[in-house]
Each structure stands twice: as structure tokens, then as C-alpha cells.
Amino acid sequence: MGWGDLGCYGNEAQETPNIDRLAEEGAMFTDFYSAAAVCSPSRASMLTGRLPIRNGVYTNNTFGKNAVAIVNGTGGLIPEEETIAEVLSRLGYRSKIIGKWHLGSSEKFSPLNQGFDEYFGSSHNHVGPFDNISAPNNAVYQNDKMVGRYFEKEFFINRATGESDLTRIWSKSAVEFIDENKDNPFFLFWSADGTHTVLGAHRDFLGTSQRGLYGDVIRDLDHGVGQIITRLRHLKLDRNTFVFFGSDNGPSGLAGIHGGSSGPFLCTKMTTYEGGMRVPGIFWWPGVIPAGQIEKAPASLLDIFQTILEITGGEVSNPDRPLDSQSLWPILIDKPGATLEKNSIFFYRGTGLYAVRVGNYKAHYWTWNLGSQGRRRMRGNPCSGAYIENFITDVITDHNDQPFLFHLGRDPGERYPIDPSTEEYQIQMDIINDVRDQHLKSLEGNIGYPQLNERDWAAAVSNFFFEKI
């Protein structure tokens, strides 16, 4: 989902009333970022509070290459990494993930081994259909049992009509989980991925959007959010529940009309330009988080980890393990004089630290607009329609000798680089270089093994759960 897909972020279609209401009644961050330019590493970082380079959900096969967990991949989020669910489990919380996991296929990497008590969803996207012996459709699991496959039976996606019940299935499961745990503390990771291709929306929304099938899917997703919030209100849990809504990366430019909107920002998913990683960030807790807040401080999915720990009083098992997270709680509750401890964002692709933001300034040390060599030729261009000489580049380009520098306050679209000969450039680059160098020093001895390097087709077609029901 892109920054520009929601009415509260300026989309003129105004087709997301339930999500927009969360923003109206809570806090909306204008400068909120995913933790990576693609989904798997970003999701791992949200759950652990650690950058992909630390938690291992990345590849170093090619410098700066994006990578996600794939069906024949043998890696994932290792059990040694501590997740939000594991911290909350020690406090007596019941945890469930619904929808997309995408952090490893084997039993070792199951969410049931990462602190979650319940699991209903898939270890992969609903890509396909494949439906053949060598590459079957991705499986859907209920805890440790396979209950079906995407594109089949109740998990269908009709590619001809665009009809699908997937988001409705995920929202129904969420409401049931809330009902079952209304008297207990719970953590729900509702991970509906309807906006990822192949697109599919419930029949009630097909043909109802001003934005084609993608807009229908957005309306379906918004309806699901509404169902969850309505249930919290009905059970009078709304004033005792912290809700966050966000996205694990920007919209897909490769999907064309089936992708979302990055609003005024440059490029889309798979890139470290603003459109690739600036995403919605909405926080809601009636009676606790003051309504109508618009926060402009830079923050990211990494910060969800520490924020939840501060709210619940949870503690990590190893306080010496480096985190890249910070708590947003002081500014969420509008504490007088509160500021964030960190005002920096690190934009990684694999092992490559491509860009760094400090305050309103962002420096690009490397550029590359493609997810892999030749992807423009094969599938499309995540920076379609945009061109800045030597900045939007088809190949990996090194700018370390003279980074591109932008002031995102006056130039959020990254269209007008600051002249390197100016005093402003020299002062700000000194500040950003210092932040970058301190960060890189903190990685010494704290780099995770690249889990997304290896593939094994035998692993892709075998199921690690015991029986089909």
C-alpha cells in the first residue's frame, strides 16, 4: 500500500472511511517509513525492532539487491531473534497472526515458533495460480495443519472477475479471535495482503471504486478494518486496545494500474527513494492517544517494537542485544516537551546502506531503481515517468564521493538536489556522514547471517505440517 492510497493522506477518491476515522480519532504520522523497500525484511524488522542487516532477513548475493522469502528459499526469521509476540507471551498475552507471514517456509521458521499461539494464513503471498506438481499453489495453514491452498475452494481468487473472499476470511477470523479473548490480554497481527497482486476483492466491492480493481481491493481492506474496530467498540475494548495501521513497503510500480499511489513521492516499492519506503502510519487508542494529531517527526515500523514494550512494560530477554527501535509513546500521548530520541532513518537494500535521513535532510549514497538486473526489461519500471540525471539509475551507481542531498520539508518529491557547492550542503552532509559512521560502527559484530541467500526446490514442494484437514 502506498502513502497516497488513503483519504487521510490526501487521496481524492476518499474511499477509506474506516481507516481515515482512525487517523481522525488518533495520531497520523506524515513521515513514517517501512523498514525496507520490500516486504519480508520490513516485516521482520517490525517484529524484532532490528534492521534486516542485524536480524538476517536479507541477501548479500548482489550488493544492494532486494530479496524476500520465496517458496524455494530455505531461510527466514531465525528463532534466535526475539519478536513482539515472544515478549508479550511472557506477560500472559495470547497472540495470533492472520494472513501473510512471509518470513520462512519450514517448520523452523513458523510463527508458532516465534511466540505466536495461533496462526491462520500463509507463509507466502497469494501469487499464482500455479496448480501443478512442480510448483503447487501456496498453502494456507490453521496453526500446524494445512487447510487449503490459494486459488482453490474458499481461498479462491477469480482472475477473470477479480472476485475473492480472502480479506473477508481474514477479517472474520480477527473478529472471532477478539471475541474469544475479550477477557484476556491479546496481540493480533492482522496481516491482510489484498493490495498485493493478484488482486481480488469481495463481490460487494467489485466495480464500486473510482480507481478500478485496485480501488475495490482498498475498499474491501477498509471494510475489514471497520469490522475489527466495530467489534472492539461493541465489546467496550476500544479504550483498552492500542491499534496501529501501516504498510510493509510502498506501492508496486511494477503492477501498473494494479498498484497503488505513492502520492507526491518519488518512485515506488523496491527503491530507497521516498515513494518506495514512505508509508501510512496511524495510531489509535481512544481516551489515551489524543485525537487529531499530525506528527511530522520521522519514524518507522522498527519503532513499533519499542512502543509496544513501553506500553505493556515488556522487556527483552537480552538487554545487551542492539536494537534499532525507539518508543513513540511520549509523542503519541502528547507528553509536554516530548521529542524522539532518534531523528534518523536508514534506507537499506540488502547489505547496502543506500540513503540516510537525519531530520529533514536525506542523503543518497547509492542509487538503483530496479529490484534486480533486467527487471525493467522483463516486468516494468518502479520509477516510471520520473527522471533526474544520474539519480534515477538503471544500474547500481555510487555517489559516496558526492551524495545527492535533499531537504524533504521543502522538496518531499526529491526533485531538486541541493547544490554541493553551498554551505547548507557542507554542513548537513557533515551531520549525516557522522550519523552514518556511528551507525555502521554499531554493526561491528552485530550483522546477521543472510537468510535469503539459498534456495532448494525440494523444500518448495514439501509440506512441513503433519496432515491436511
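# Briefing on a predicted model

The second largest pocket of this structure, which is a predicted model, has a volume of about 310 Å³. A search of the whole structure also finds three cavities of 30 Å³ or more, and 41 residues make up the largest nonpolar core.

- Sorted by class, the lining of the second largest pocket holds seven nonpolar, eight polar and four charged residues.

**The largest cavity**

- The lining of the largest cavity divides by class into eight nonpolar, three polar and two charged residues.

**Nonpolar cores**

- In soluble globular proteins, nonpolar side chains tend to be buried together.
- Within the largest nonpolar core, which has 41 residues, Phe-32, Phe-283 and Leu-332 touch the most other members.
- Strand E1 (27–29), helix H2 (39–48), helix H4, strand E5 (139–142), strand E7 (186–191), helix H8 (303–312) and helix H9 (329–332) each contribute at least two residues to this core.
- Leaving aside residues up to four places away in sequence, Phe-32 touches Phe-244, Met-277, Arg-278, Val-279, Pro-280, Gly-281, Phe-283, Ala-299, Ser-300, Leu-301, Ile-304 and Leu-328.
- Another core, of 40 residues, lies apart from the largest one, and its members include Trp-170, Leu-199, Val-217 and Val-225.

- Glu-82 is placed in the loop between helix H3 (52–55) and helix H4 (84–89), and it counts as buried because its relative accessibility is 13%, which is under 20%.
- The side chain of Glu-82 makes a polar contact of 2.7 Å with the side chain of Arg-90, and the side chain of Glu-82 also reaches the backbone nitrogen of Ser-317 at 3.0 Å.
- Not counting residues up to four places away in sequence, Glu-82 touches Leu-47, Thr-48, Val-87, Arg-90, Phe-305, Val-316, Ser-317 and Asn-318.
- Val-68 likewise lies in the loop between H3 and H4, but Val-68 counts as partly exposed because its relative accessibility is 26%, which falls between the limits of 20% and 50%.
- With residues up to four places away in sequence left out, the residues that Val-68 touches are Val-38, Cys-39, Ser-40, His-102 and Leu-452.
- Although Val-68 and Arg-219 are 151 residues apart along the chain, the separation between their C-alpha atoms is 27 Å.

**Ser-105, in the loop between E3 and E4**

- Ser-105 is found in the loop between strand E3 (94–100) and strand E4 (118–122), where a relative accessibility of 14% means that Ser-105 counts as buried.
- The side chains of Ser-105 and His-124 are joined by a polar contact of 2.6 Å.

**Backbone features**

- Most residues other than glycine have a negative phi, and most peptide bonds are trans.
- The peptide bond from Gly-128 to Pro-129 is cis, with omega near -5°, and Pro-129 lies in the loop between E4 and E5.
- A cis peptide bond, with omega near 10°, also runs from Thr-197 to Val-198, and Val-198 is found in the loop between E7 and helix H6 (212–234).
- Cys-267, although not a glycine, has a positive phi of about 65°; Cys-267 is found in the loop between strand E8 (243–246) and helix H7 (274–277), and it is buried, with a relative accessible area of 6%.
- Asp-334, another residue other than glycine, has a positive phi near 60°, and Asp-334 is found in the loop between H9 and E12.

Definitions and conventions:
Residues are numbered from 1 along each chain as its sequence is written. This is a predicted model: local features need pLDDT of at least 70, side-chain atom pairs count only at pLDDT 80 or more; totals for chains, interfaces and linings use all residues. Side-chain values use heavy atoms; hydrogens and water are left out. Helices (H or I, at least four residues) and strands (E, at least two) are DSSP runs, numbered from the N terminus. Buried means under 20% relative accessible area, exposed over 50%, partly exposed in between (1.4 Å probe, protein chains only). A polar contact is a pair of N or O atoms within 3.5 Å; within protein, one must be able to donate a hydrogen and the other to accept it, and residues adjacent in sequence count only if both atoms are side-chain atoms. Contact means heavy atoms within 4.5 Å. On a 1 Å grid over the protein atoms alone, a cavity is a set of points where a 1.4 Å probe fits but cannot get out, and a pocket is an open set with protein on both sides within 12 Å along at least five of seven lines; lining residues have an atom within 4 Å of a point. Grid points are joined across faces, edges and corners, and a volume is the space filled by probe spheres set on the points. Ala, Val, Leu, Ile, Met, Phe, Trp, Tyr, Cys and Pro count as nonpolar, Asp, Glu, Lys and Arg as charged, and the others, Gly among them, as polar. A nonpolar core is a set of buried Ala, Val, Leu, Ile, Met, Phe, Trp, Tyr and Cys residues joined through side-chain atoms within 4.5 Å.
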